[in-house]
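User: I am new to this structure. Please take one part of the fold and walk me through it closely, then show me how the rest is arranged around it.

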Amino acid sequence: MALKQTAERAALNKLIDYLDEDPVKHVDKIMDLINKLVPDNVFPTQREAFTNVIKSRGNWYDLIMRIFKLNPEMRTRLLKTLIVDGNILAWPEQEQNRDKYQCNIPWAILLDPTSACNLHCTGCWAAEYGHRQNLSFEDIDSIVTQGKALGTHMYIYTGGEPLVRKTDLIRICEKHPDCAFLCFTNATLIDEQFCQDMIRVANFVPAISAEGNEHTTDARRGEGTYKKIERAMKLLREHDLPFGISCCWTKANADAVATEENIDWMIKEGALFCWYFHFMPVGRGATAELIPTPEQRERMYHFVREMREKKPLFTLDFQNDGEYVGGCIAGGRRYLHINAAGDVEPCVFIHYSNANIHDVSLLDALRSPLFMKYYENMPFNDNYLKPCPMLENPDVLPRLVAESGAHSTDLVEQETPEQLREKTKAAAEAWSPVADRLWTDENDPLYTKRRDDRTQGMAESDMHKFAAQGRLLKQ
């Protein structure tokens, strides 16, 4: 680490210590102090938002105060890793490498430690993968080491059920204390020892998969799963450990998911965040029947925004929130996915690739033909409520795969992008007029931003790319 960055890291860590000392007393001063240390071009929108949150003393301020009630044995170390190493110091390095290598550099890397899972959830392609594929400890360590060299300090485990490999995952946490690790988990393997390990390493946070109430959760994940999830959350709560909820919403559960009662349940159980994932009909055996209707998706659009104004819970809707990040974030633009066989994929839902981490470096994978097609063609739609090259723009993915010569990486039964398109085309056509109406609604609080802001939540490196391409974003 360069001398300047070492000094900056030490100074920022002291600010975290200062805030942690007396959060209520010191919180009003913290953003002024951070702004003196951090360059103006590093997360300016986010820093302004945090300043406003603190001043408002509203629901998001309440969420910040909830964070400072976490277990003191691990809380400060987690905040330092997440805020300082994972974001403030990492982002400028990522931006520098995006310009240097003329390709996408991810903010986060998703990877599957294993294809094995102890559940068989409806609508999850991983349920069909079996137990044969695994990334070794050395594989995961190499991915993290290569990622850090590019500035990536955020890692997210998917699967399969990652906690099948929890011993190795904790070892990775120990080896890379300057990285933060999030784990999508069904929670059934969380026990007392796991909680003690979380306290000890202080850089591992679970995101528990749950959808709505006991009926909707058990219907998709199997009878008795809901009670196991509640037991795991109780255990985490008793140790004052951070966790969140990962919710796949479908046509079948959307009406139960999008309720204030469900949000209140998450908060009562101790969750700090909820990530909503739109059902994707990925895999030959997946059906399009579970894709939410346009009416359900519009309701979710309004519901999430309403809850953000009321509840002390950080929520992200990965399909409807594209406008905050300039559309699709896959293809390494903000994240990529590496499956249990080592295939480097643009997205956890896009099972096509030209590169395997066992054969090429991470940087070479980011510069492989399919990833470069993502880089050159993003965003895929000027309406960022239609971000995805598969779900809302179903003709795009087959073209990218054909032009790049990518192959299917499905671990069970290969599916062509044309076959996938047939499952998403009708939903895309149905959603398009709704998305256009929402996007051009002059009464929407974000209308002026949509009309006037050319960046639309994009980074400086994105704008540099557009300038090099001679391409201007439409207003």
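Analyst: Start with the β-α-β unit made by β6, helix α14 (residues 294-308) and β7, which is right-handed. Right-handed means that, with the strands pointing away from the viewer, the path from the first strand over the helix to the second runs clockwise. Helices (H or I, at least four residues) and strands (E, at least two) are DSSP runs, numbered from the N terminus. A word on the source: this is a predicted model, where local features need pLDDT of at least 70 and side-chain atom pairs count only at pLDDT 80 or more, while totals for chains, interfaces and linings use all residues. Residues are numbered from 1 along each chain as its sequence is written, and side-chain values use heavy atoms, with hydrogens and water left out.

Look at β6 itself. Strand β6 spans residues 273-278, and six of its six residues are buried. Buried means under 20% relative accessible area, exposed over 50%, and partly exposed in between (1.4 Å probe, protein chains only). Phe273, Trp275 and Phe277 point one way from β6. Cys274, Tyr276 and His278 point the other way.

Now its partners. Two strands pair if DSSP finds at least two bridges between them. β6 and β7 run parallel and are joined by four bridges. Toward β5, β6 pairs in the parallel sense over five bridges. There, Cys247 has Tyr276 of β6 as its bridge partner.

β5 (residues 244-249) runs parallel to β4 (residues 204-209), with three bridges between them. Ile208 is bridged to Ile245 in β5.

Contact here means heavy atoms within 4.5 Å.

Helix α8 (residues 166-175) has the buried residues Asp168, Leu169, Ile170, Ile172 and Cys173. These pack against α7, β2, β3, α9 (192-201) and β4.

Last, the backbone. Most residues other than glycine have a negative phi, and most peptide bonds are trans. Gly159 and Gly160 are joined by a cis peptide bond, with omega about 15°. Gly160 lies in the loop between β2 and α8. Another cis bond joins Met378 and Pro379, with omega about -5°. Pro379 sits in the loop between α16 (369-377) and α17 (396-404).

For Ala202 the phi is about 65°. Ala202 is in the loop between α9 and β4, and is buried, with a relative accessible area of 1%. For Arg57 the phi is about 55°. Arg57 is in the loop between α3 (44-56) and α4 (59-67), and is partly exposed at 37% relative accessible area.
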